[in-house]
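Here's a quick briefing to read alongside the structure. Have a look at it first, then work through the points below.

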Amino acid sequence: MKKFLVLLLVLALCSCAFGAEQAKLTTTAQLKTERLAAQRGTVGQYIAEDLLGDNKGTLLTTYEKYVDAIASLRQGKVRAVVMDEMPAKRFLAEVEGLAIMDEALSEENYAIGFRKGNTELVAEVNKALAEMKADGTLDAIFAKYLTGDYTAVKPETIDFNKGAKGGKLFVGTEAGFAPYELKVGSSYIGIDVEMCAVIAKKLGKELVIENMNFDALPMAVSTNKVDMICAGITVTDERKENMDFSENYVVGAKQVAVVRADDYEK
Amino acid sequence: MTMRNKQTGAGRGDIVLGIFALFLLYALYSSGFFTAAAWQDFNRRFYQNFVKDSRYMMLVDGLKATIFMTSGATLIGLAVGLVLSVIRVAHKGGAHIPVLNAMAETYITVLRGTPAMVQLLIWNFTIFASARDLNTQYIAILAFGLNSGAYIAEIFRGGIESIDPGQMEAARSLGLSYGTSMKLIVLPQALRNIIPMLFNEFIALLKETSVAGYIGIDDLTRAGQNIQALTLEHSQPLVMVAIIYLVIVMCLTRFVRKLEEWLHRGRRG
């Protein structure tokens with residue numbers, strides 16, 4: 001036991017003494033040879049993999065939750081986290097010592113995902129989405145969450161259309177992606193949640209949210225566990241092979257690199 | 001297991017606890033916790049994580065789910081384990097049931113040989129793929145219960161086999177039937193070893209249910225993660241979750257120890 005403690009102490013001292021000074025980050029091109037983190041199964045992971053190329057096996061760490069990825073960034077285990085701009089901005093507002101690199105890594109579109117071949121539901125949802133875009137419902141939802149303190153939004157104010165005669169609409173999501181979805185108390189808030197609530201109402205169904213890990217969502221929708229998945233999901237060609245998508249409801253969502261403020265020089 | 005050294009047994013737990021407390025204090029000290037500013041910051045974050053909007057209720061609900069799943073799974077595990085162990089012990093005791101015995105053995109091998117989390121995912125996403133109106137917690141109870149059944153079967157069997165075969169032989173030679181000797185001679189003694197181990201299985205199961213978040217159940221662990229996502233704070237929710245688990249497990253462990261002493265009262269070590 002004693003020897004073990006001494007060993008630990010020596011190791012800790014060594015890591016302090018030999019922590020070499022690194023050049024600060026200035027451009028995203030530098031990230032190609034750095035340790036990166038992303039949330040598992042997200043587009044952030046795919047972008048990081050593309051950046052790192054053959055080194056992804058050793059340099060990329062994927063986490064189940066964004067909070068874990070950001071924690072490892074703050075602890076210096078990785079130099080950048082690749083993620084969506086909106087949740088990234090929220091981290092900057094709440095957590096000290098973070099910065100977003102100016103240069104975006106890519107721009108993505110969000111859509112709702114369906115089981116491959118579920119064309120009927122895709123058509124119904126697309127119709128509902130088109131109506132919401134036309135009458136300004138969608139814009140109103142975005143405005144509600146993009147300006148002002150959305151953590152103050154009460155889940156009771158969202159109409160899940162309980163007891164609807166048309167049955168239930170099961171929607172899979174990962175409630176750790178503010179401002180799109182968040183769990184508050186025993187219910188949910190967020191842009192996606194409110195949007196799905198309106199869609200469910202238009203379909204005459206009750207909205208049931210299934211809160212899962214992000215990387216379990218494609219499995220859940222393809223095995224019919226849920227009717228659709230709505231979690232700020234980026235449309236990619238690879239994903240299109242395994243599921244169907246609705247029309248985009250977000251266009252040009254930026255993927256950014258979150259770094260430590262003291263490690264970044266514009 | 002049963003021959004616990006009472007003198008060191010009680011003391012060791014306290015030493016471990018003491019070392020743990022020292023580590024905790026040191027960690028707090030080295031992170032600058034004992035300054036006024038840090039204390040204020042801690043309080044502010046504590047308020048954010050647990051007090052504001054009654055967020056502690058998320059942990060309470062999570063704990064309810066954890067206890068519900070663990071209790072349900074233990075009940076299923078007991079039933080399955082009992083059936084399996086009866087088959088295996090009876091087979092060894094001379095009943096001619098090779099097929100049943102082989103089935104029981106296969107069951108135990110497969111369910112003990114694969115991780116509980118993989119089984120949980122298979123139950124939820126493959127076997128019960130189309131059962132959508134079913135509360136996911138029931139699927140978890142089934143998955144954890146059937147998994148636990150394999151372990152409990154081995155606990156029962158081990159308990160029965162730990163009794164000297166001479167006891168059974170003596171009972172049989174006095175003219176008692178196999179069933180009666182089992183019921184009156186072997187099982188009462190075996191239970192003394194089995195009951196504490198069942199509680200240990202319960203404790204193990206309690207911790208095992210922490211992977212239920214994977215199929216969308218907001219158990220205690222997941223509740224902590226949900227608070228993390230709300231406040232974007234990493235450490236406090238997790239440490240709180242750990243403390244809750246620890247307190248429950250320590251209470252149960254203490255209870256098991258007392259129970260063991262009580263079961264072995266008046267018995268020469």
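Two residues count as in contact when their C-beta atoms, placed from the backbone, lie within 7 Å. This is a predicted model, where local features need pLDDT of at least 70, side-chain atom pairs count only at pLDDT 80 or more, and totals for chains, interfaces and linings use all residues. Residues are numbered from 1 along each chain as its sequence is written, while chains are lettered from A and ligands numbered from 1 in the order in which they are written.

**Chain B overall**
- Chain B has ten helices and zero strands (DSSP runs numbered from the N terminus: H or I of at least four residues for helices, E of at least two for strands).
- The radius of gyration of chain B (over C-alpha atoms) is 23 Å, well over the 18 Å from the globule rule for 269 residues, so chain B is more spread out than a compact globule; that rule is 2.2 Å times the number of residues to the power 0.38.
- The C-alpha trace of chain B spans about 80 × 55 × 25 Å along its principal axes.
- Of the contacts in chain B with a separation of 6 or more, 76% join residues 24 or more positions apart.

**The sheet in chain A**
- Five strands of chain A make an open, mixed sheet in the order β11-β7-β12-β6-β13 (strands pair if DSSP finds at least two bridges between them).
- β11 (206-211) and β13 (243-245) of chain A sit at the edges with a single partner strand each, so one side of each has no neighbour in the sheet.
- β6 (residues 113-115) of chain A pairs with β13(A) in the antiparallel sense over three bridges.
- A:Phe114 has A:Asp244 in β13(A) as its bridge partner.
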